[in-house]
Amino acid sequence: MATPASRVSVMAVFLTVIVLLEISSTYAQQVFTTASCSSLGAVNGFTSQPNTNSPYVIQIAPQYYTTGTIITVTVYANQPAGRMLRELICQARDTATNSPVGTFTSVNGNPLLPTNDYNVYNCGSQTATTVRTTNNNIKSTPVVLTYQAAAPAPGNIGFRCSFLQDTGILYQGLASQQVVDQSTVAGPVINNCPGDIFLPLSQASMTALPFVFVEWMAPTSIGVGGANNPVNPYTFTTLGSAAREMTYTFTSGGITATCSFNVVVNDDETTENTAPVLSGCPVGTVNRFTTSPTCNDADQGTLAVNCNPPAGGTFQAGTTTPVECVCTDNLGSSDVCTFNVFVATANTAPVIAGCPVGTVNSFTASPTCNDAEEGALAVNCNPPAGSTFQAGTTTAVTCFCADNLGSSDFCTFSVLVATANTAPVLSGCPDGTVNSFATPPTCNDAEEGVLAVNCNPPAGSIFQAGTTTAVTCSCSDNLGSSDVCTFRSLVT
């Protein structure tokens, strides 16, 4: 008979930021500097208004977090005056030191990139701690920012945002309520959680068939005001062998703990049982463990899986931690899997290779991305490789890759598919034989303008006296058309 321990489920924390603003006047967007990290200043030429008059609200719920918690922060307008925005800057800070902490990872489900309306910025040694609009276009609402808490948790944190309305009114440094570091809160501790109870009908305290009473010692909890407890003793039907799950729930300081166990009164002790099967268990050694395997039982369906340490726990960097996951059915049959978690002591950002440079006339193959810890990573390009690009139009392309710890690399370039191509033309090329060659020719292309000229030997080279040296100069456009000239240099 299995004796599972009490299960403690910590409420996931989500914070969501929705911004509603609009601006009709024009202005010069201020460059993000080190000073911006502390002042959250965003706009030139506007005077900040008192935040007591702000139409904006930063809402967080619930108010507790742990290391690595994904937080969605919602900033919204509680007045029509704040429905549109032209500029937004937001940051999470350690309330004890007022220092930026954590990492912003996405906006409205999209990556934060220089080519999008929103991008992340670094403050000192902290990366991606601040998110800000990248242009002065009017943004529609809602705007949803996703934030990942720092590891280890620095303590209580708060969010501060500045926003510029479409009417030119600036509100600077509006603060949210605190988000509490859950490790500083004493959660409930459960004592005497019963294990699964298997009771053959012959040992049950029968009343009028087909019902029996089953009794157990109720669990208790330290430091809570109460619990949602099932009735004890409980009346069970003896028909069939289905289990009843009993759950006691205790809550303290925003942390919830549960004690669950099964009670089985079986009137057929010879019933054949099929063992449950775990699926999705990691194999060998992995660098993180965030999602538990699943367990299915042919007789009872989906079963709970207990992992030790649990998925989503904090694993010590540089140390290999063994993990065991197990699930057990009501008749004591079980399945188990084991693996290791190794978190590197430092994370190296991935590197994109093979990204086109400048302007190219086609884009058919994506760059590659390699990470020192994780190997080859997927690369997302917008527009993707192989897309149809409009002839005569320059299209900006951004390619992006990220590792499991949030480090990333990206590259940008342009694609120009010409409607017709005119070969470039060299000018100023020496003729015949000259006694010096100090200045290279120039090259102009009707579609691409001034192009680079390559000479061999290059202009300014030292030529051997008394010897005639052949020189070739050439230039090529992005479509492969070129021009070339040759001459001789004789230094007497």
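**View 1. Strands E40 and E41 pair in antiparallel fashion in this predicted model.** Strand E40 (residues 442-445) is joined to E41 by three bridges. Strands here are DSSP runs of E with at least two residues, and helices are runs of H or I with at least four residues, numbered from the N terminus. Two strands count as paired if DSSP finds at least two bridges between them. Cys443 has Leu451 of E41 as its bridge partner. The model is predicted, with local features needing pLDDT of at least 70 and side-chain atom pairs counted only at pLDDT 80 or more, while totals for chains, interfaces and linings use all residues. Residues are numbered from 1 along each chain as its sequence is written, and side-chain values use heavy atoms, with hydrogens and water left out.

**View 2. An open sheet of three strands has the order E38-E40-E41.** The pairing in this sheet is antiparallel. Strand E38 (425-427) and strand E41 (449-451) are the edge strands, each pairing on one side only. From one strand to the next, the twist averages 35°; axes are lines fitted to C-alpha atoms, for helices over the stretch in contact, and angles run from 0 to 180 degrees between N-to-C directions.

**View 3. Phe104 and Tyr147 form an edge-to-face aromatic pair.** Rings of Phe, Tyr and Trp (its six-membered ring) pair if their centres lie within 6.5 Å; planes under 30 degrees apart count as stacked, over 60 as edge-to-face and the rest as tilted. The whole structure contains six aromatic pairs. In the pair of Phe104 and Tyr147, the centres are 5.2 Å apart and the planes are at 65°. Phe104 is in strand E7 (residues 103-107) and Tyr147 in strand E11 (residues 144-148), 43 residues apart. Phe104 and Tyr147 are both buried (under 20% relative accessible area; exposed is over 50%, partly exposed in between; 1.4 Å probe, protein chains only). Phe104, Tyr147 and Phe159 are linked into a cluster by ring pairs.

**View 4. Phe437 and Phe487 link distant parts of the chain.** The ring centres of Phe437 and Phe487 are 5.0 Å apart with planes at 75°, so this pair is edge-to-face. Phe437 lies in the loop between strand E39 (433-434) and E40, and Phe487 in strand E44 (residues 482-490), 50 residues apart. Both Phe437 and Phe487 are buried.

**View 5. Thr395 lies in strand E36 (residues 394-402).** Beyond its neighbours within four places in sequence, Thr395 is in contact (heavy atoms within 4.5 Å) with Pro383, Phe389, Phe413, Ser414 and Val415.
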